Amino acid sequence: MESQLPEAIRQRIESCGVVAVLIIERVQDAVPVAQALLDGGVTAMELTLRTPVAIDALRVIRQEVPDMLAGIGTILTPQQVQEVVTAGASFGVSPGTNPRVIQEAQQAGLPFAPGVATPSDVEVALELGCRELKFFPAEPSGGLPYLKSMAAPYFHLGVKFIPLGGVNTNNLETYLGDPCIAAVGGSWLAPPARIAAQDFDGIREQAQTAAAKVQAIRQGLTA
Ligand code: 3PG
């Protein structure tokens with residue numbers, strides 16, 4: 001069984017280029033944040049299971065902002081997988097490479113991108129059929145130079161990475177030009193403090209800035 005992201009989801013994440021990582025404390029913030037990100041051109045998000053309202057937030061976003069590709073992150077146990085599937089997550093993400101979580105996701109039909117930081121992590125994920133991997137924590141681990149060296153033995157297998165952890169508008173350029181990168185992501189697009197302040201205009205502007213930068217980088221690559 002495989003847990004690769006289906007082509008349609010992979011394409012949406014790659015074409016957007018940035019995935020917003022969200023820590024939602026109040027469910028009433030979920031829809032305005034998702035709408036602000038979407039209005040700014042960020043069409044994919046990972047809602048983290050770090051607060052009790054994350055699943056409810058996913059449900060309302062699916063209902064009220066259906067154009068947002070909404071996945072769930074910080075999936076740490078097999079038990080959480082079923083809850084995530086029932087709530088209608090488009091994909092799942094974990095910070096680490098837990099084979100039991102990955103296998104549960106496969107059995108439940110949840111497209112899954114596990115987190116990796118070492119060659120051993122990558123090999124566990126590959127053996128379980130994953131081909132899109134979250135590189136976490138990207139910046140503290142050594143950024144693109146570390147990733148290119150660490151993952152060089154696996155590139156010929158078609159594996160792609162989504163770096164998260166310390167990525168932001170100022171350094172996303174260092175990743176996005178490389179063919180092994182599917183997209184980047186992080187909490188800088190909608191940081192908890194900005195959500196708490198209900199600064200949805202600020203979130204939209206941050207998303208616009210990031211989306212414009214992705215476009216400029218991609219245009220530069222094809223020019
Ligand atoms: C994650 O869960 O992917 C990370 O917390 C994102 O890292 P960041 O907060 O540094 O963007």
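A salt bridge is taken here as a side-chain nitrogen of Lys or Arg within 4 Å of a carboxyl oxygen of Asp or Glu. By this rule the count comes to 8 salt bridges. The model is predicted, so local features need pLDDT of at least 70, side-chain atom pairs count only at pLDDT 80 or more, and totals for chains, interfaces and linings use all residues. Residues are numbered from 1 along each chain as its sequence is written, and side-chain values use heavy atoms, with hydrogens and water left out.

One of the salt bridges joins Lys148 and Asp178, with the closest N and O atoms 2.6 Å apart. This pair links distant parts of the chain, 30 residues apart: Lys148 belongs to helix 8 (residues 143-151), while Asp178 is in the loop between helix 9 (172-176) and strand 9 (184-186). Helices (H or I, at least four residues) and strands (E, at least two) are DSSP runs, numbered from the N terminus.

Turning to the ligand, its surroundings consist of Val21, Arg50, Lys134, Phe136, Leu164, Gly165, Gly166, Gly186 and Ser187, each with a heavy atom within 4 Å of it. This shell divides into 3 nonpolar, 4 polar and 2 charged residues, with Gly counted as polar. Polar contacts are pairs of N or O atoms within 3.5 Å. Gly165 contributes a backbone N or O atom, 3.5 Å from an oxygen atom of the ligand. The protein covers 80% of the 310 Å² of accessible area that the ligand has on its own (Shrake-Rupley method, 1.4 Å probe).

Two backbone details complete the picture. The peptide bond from Phe136 to Pro137 is cis, with omega near -10 degrees, and Pro137 is in the loop between strand 7 (132-135) and helix 7 (138-141). Thr74, although not a glycine, has a positive phi of about 55 degrees.

Note on methods
Polar contact = N/O pair within 3.5 Å; in protein donor to acceptor, adjacent residues only side chain to side chain.
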